[in-house]
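Hello,

Here is the structure you will be taking over. Please open it beside this email and follow along.

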Amino acid sequence: MQGVNVKSEIGNLKKVILHRPGDELLNLTPNTLEELLFDDIPFLPVAQEEHDAFAKILRDEGVEVVYLEDLMAEVLDAKPELRRQFLDQWIYEAGIRTDMYHDIITDYIESNYPNTKDMVMKTMAGINLQELPQKDTHLLVDMVSDRCKLVCAPMPNLYFTRDPFAMIGNGVSINRMYSQTRNRETIYGDYIFKNHPDFVGTPEYYSRNDTFHIEGGDILNINEHVLAIGISQRTEPDAIDHIAHNIFNDETSPIDTILAFNIPVSRAFMHLDTVFTQIDRDKFTIHPGIMGPLTVFEITPDGNGGTKIRERNEDLESVLSEYVGEKVTLIPCGGGDRIAAEREQWNDGSNTLCVRPGTVVVYQRNNVTNDVLYKNGINCLVMPSAELSRGRGGPRCMSMPAWREAL
Ligand SMILES: NC(=[NH2+])NCCC[C@H](N)C(=O)O
């Protein structure tokens, strides 16, 4: 499979990119939780077991599972000249601006992490000042500072591979993230798409250096022609204008309509996929809380290299039915009980990963919503979720499909 092919949310899933959570989760502390976008500290060994169970469910369904850390290590092993360039960029973007610390960190990594994958994992985990050799320089910092602090911040959100880059048909968007803490995550995708033999040559519809923020959790491939993007806490309308322009001007892309869903800005609804995912040809799960305030804008090419926009005032069900091409059913998470809906949406009850039409991976803890899905004829592949869910993302957020078969 050369390149990427994701023209729906539900076509038979053949290849997916995951990241197995690592030591970056050990660098979460109560004081940094908010900044690092976590609500609690997962217990790493159990989070890893749960993640391995997720990967196994996917493999058992015939999906090739590739890990972000392996792809990145393959890039650096194949092109050793990129190793230093990557390290320099990673250190700079971690906020290290002095030559002295730049050199100390580079020496530390080069001498302690000769194996490339270990090195990549270390860049994800972050560096504590006390790991670094103490310089015999009589610096004030060595006299008065707490030696236990992070000099390079961890990237605990990396296991949400959905967000830093996103497949759009046969192309990719390398995102500019909303928050400081997530922006370095996109370095890996940038190297992989520019250098990895399996991905090089993929048209790029957005770049990490573009001005406005957009995240993969807001990007849903409805079909070959129609793309949905959430206007949310994480994705700015300006970014959608920009990406629409790039997609419409790519002659190889059949996408001719972008639907922008304006969802309320809140932590609970951070991305479109936290309130809404497709689970079958004609079925979506949805958080009932967004049914009221949702406005949809239809963006199409104007024929002169620009775009035109139409506001849709019909209800969500009619708008979706029109684009999906058949009458769709929206299945509310929590089964109509408002408290269950809010509780389970918080734990990603409507954030499912579809492996083929009608078969989805779901979190075990959302039992009310899962029962509703069963009753609607959906085959739920249930994964354990006590620890992973503390990061506020579900099976869709934790996966980036690279290849789906045509429907
Ligand atoms: N596509 C998603 N819904 N991703 C969830 C990401 C969760 C992560 N803690 C964040 O706040 O960024």
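A salt bridge here is a side-chain nitrogen of Lys or Arg within 4 Å of a carboxyl oxygen of Asp or Glu. By this rule the count comes to 27.

Two points on the basis. This is a predicted model, in which local features need pLDDT of at least 70 and side-chain atom pairs count only at pLDDT 80 or more, while totals for chains, interfaces and linings use all residues. Residues are numbered from 1 along each chain as its sequence is written, and side-chain values use heavy atoms, with hydrogens and water left out.

Some terms before the pairs. Helices (H or I, at least four residues) and strands (E, at least two) are DSSP runs, numbered from the N terminus. Buried means under 20% relative accessible area, exposed means over 50%, and partly exposed lies in between (1.4 Å probe, protein chains only).

**Glu-61 and Arg-356**
These side chains form a salt bridge, at 2.8 Å from N to O. The pair links distant parts of the chain, 295 residues apart. Glu-61 sits in the loop between helix 1 (44–60) and strand 2 (64–67). Arg-356 belongs to strand 16 (residues 353–356). Glu-61 is partly exposed, at 24% relative accessible area. Arg-356 is partly exposed too, at 27%.

**Arg-83 and Glu-110**
Here the closest N and O atoms of the salt bridge are 3.1 Å apart. Arg-83 is in helix 3 (residues 81–93) and Glu-110 in helix 4 (residues 99–112), 27 residues apart. Arg-83 is buried, at 14% relative accessibility. Glu-110 is partly exposed, at 31%.

**Arg-310 and Glu-298**
This salt bridge has its closest N and O atoms 3.0 Å apart. Arg-310 lies in strand 14 (residues 307–312) and Glu-298 in strand 13 (residues 295–301), 12 residues apart. Arg-310 is partly exposed, with a relative accessible area of 42%. Glu-298 counts as buried, at 10%. Which residues join these two in one network? Salt bridges with shared partners bring in Arg-312, Glu-314 and Glu-322 alongside Glu-298 and Arg-310.

**The strands behind that pair**
Two strands pair if DSSP finds at least two bridges between them. Strand 13 and strand 14 pair in the antiparallel sense, over 6 bridges. Ile-299 has Ile-309, in strand 14, as its bridge partner. The two strands form a hairpin with 5 residues between them. In the turn, Gly-303 has a positive phi of about 90°.

Best wishes
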